[in-house]
Amino acid sequence: MRAQDYLVAIVLGAVIGTAARILLPGRQRIGLVLTVLIGIGAAVAGAWAADHWDLHSDALFEVAGRSFDWLTLGIQVGIAIVGVAIAAVLARAFSTDIEADRPARRRG
């Protein structure tokens, strides 16, 4: 692997993690670094799963001279959604901020 491959993996992981946070309803109290790490892990796990179970489609898209499979990307985003949801639940469970867990009161 070249240094460029690692950079592509980090950027793709950031995009996948961000897409997962957007698609997951509600607020997730996790940081950007954790989101990117979950996205990178999901990209690796999704690529492995797609190769292992031979889940590929003919629908490809190209970015910077590299071809990507839409089905593999969907699997990666699905895994990232699960990862972000688990991280958000754990962050909330171990949070010491009691006020953040209460619903806001309306004044008036």
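**View 1. Asp54 is exposed, with a relative accessible area of 62%.** Exposed here means over 50% relative accessible area, buried means under 20%, and partly exposed is in between (1.4 Å probe, protein chains only). Keep in mind that this is a predicted model: local features need pLDDT of at least 70, side-chain atom pairs count only at pLDDT 80 or more, and totals for chains, interfaces and linings use all residues. Residues are numbered from 1 along each chain as its sequence is written, and side-chain values use heavy atoms, with hydrogens and water left out. Asp54 sits in the loop between H2 and strand E1 (60–63). Its phi is positive, about 55°, although Asp54 is not a glycine. Most residues other than glycine have a negative phi.

View 2. Of the 108 residues, 24% count as buried. The accessible surface comes to about 7,800 Å², and 65% of that belongs to carbon and sulfur atoms; the areas come from the Shrake-Rupley method with a 1.4 Å probe, and for residues only the protein chains shown count as cover. Among contacts with a separation of 6 or more, 59% join residues 24 or more positions apart, where contact means heavy atoms within 4.5 Å.

**View 3. Helix H2 spans residues 32–52.** Its 21 residues reach 30 Å from the first C-alpha to the last, close to the 30 Å expected at 1.5 Å a residue; the expected span is 1.5 Å times one less than the number of residues. Buried residues of H2 include Thr35, Val36, Ile38, Gly39, Ala42 and Ala43. Seen down the axis of H2, the buried residues fall within an arc of 155°, so they line one face of the helix; the arc is that of the directions from the helix axis to the C-beta atoms. On the other side of H2, Val33, Leu37, Val44, Trp48 and Asp51 are exposed.

**View 4. Helix H3 covers residues 70–93 and is capped by Asp69 at its N-terminal end.** A side-chain oxygen of Asp69 lies 3.2 Å from the backbone nitrogen of Leu71. H3 has 24 residues and reaches 34 Å between its first and last C-alpha, close to the 34 Å expected. Among its buried residues are Thr72, Gln76 and Ala88.

**View 5. The largest nonpolar core has 12 residues.** Such a core is a set of buried Ala, Val, Leu, Ile, Met, Phe, Trp, Tyr and Cys residues joined through side-chain atoms within 4.5 Å. Its members include Ile16, Ala20, Ile38, Leu73 and Val77. H1, H2 and H3 are the elements that give two or more residues to this core, and the largest share, 5 residues, comes from H3. Not counting residues up to four places away in sequence, Ala43 touches Ile16 and Gln76.

**View 6. Gln28 is buried, with a relative accessible area of 8%.** Look for Gln28 in the loop between helix H1 (3–23) and H2. The side chain of Gln28 reaches the backbone oxygen of Gly26 at 2.9 Å. Leaving aside neighbours within four places in sequence, Gln28 is in contact with Arg21, Val84 and Ala88.

How values were computed. Helix = DSSP H or I, 4+ residues; strand = E, 2+ residues; numbered from the N terminus. Polar contact = N/O pair within 3.5 Å; in protein donor to acceptor, adjacent residues only side chain to side chain.
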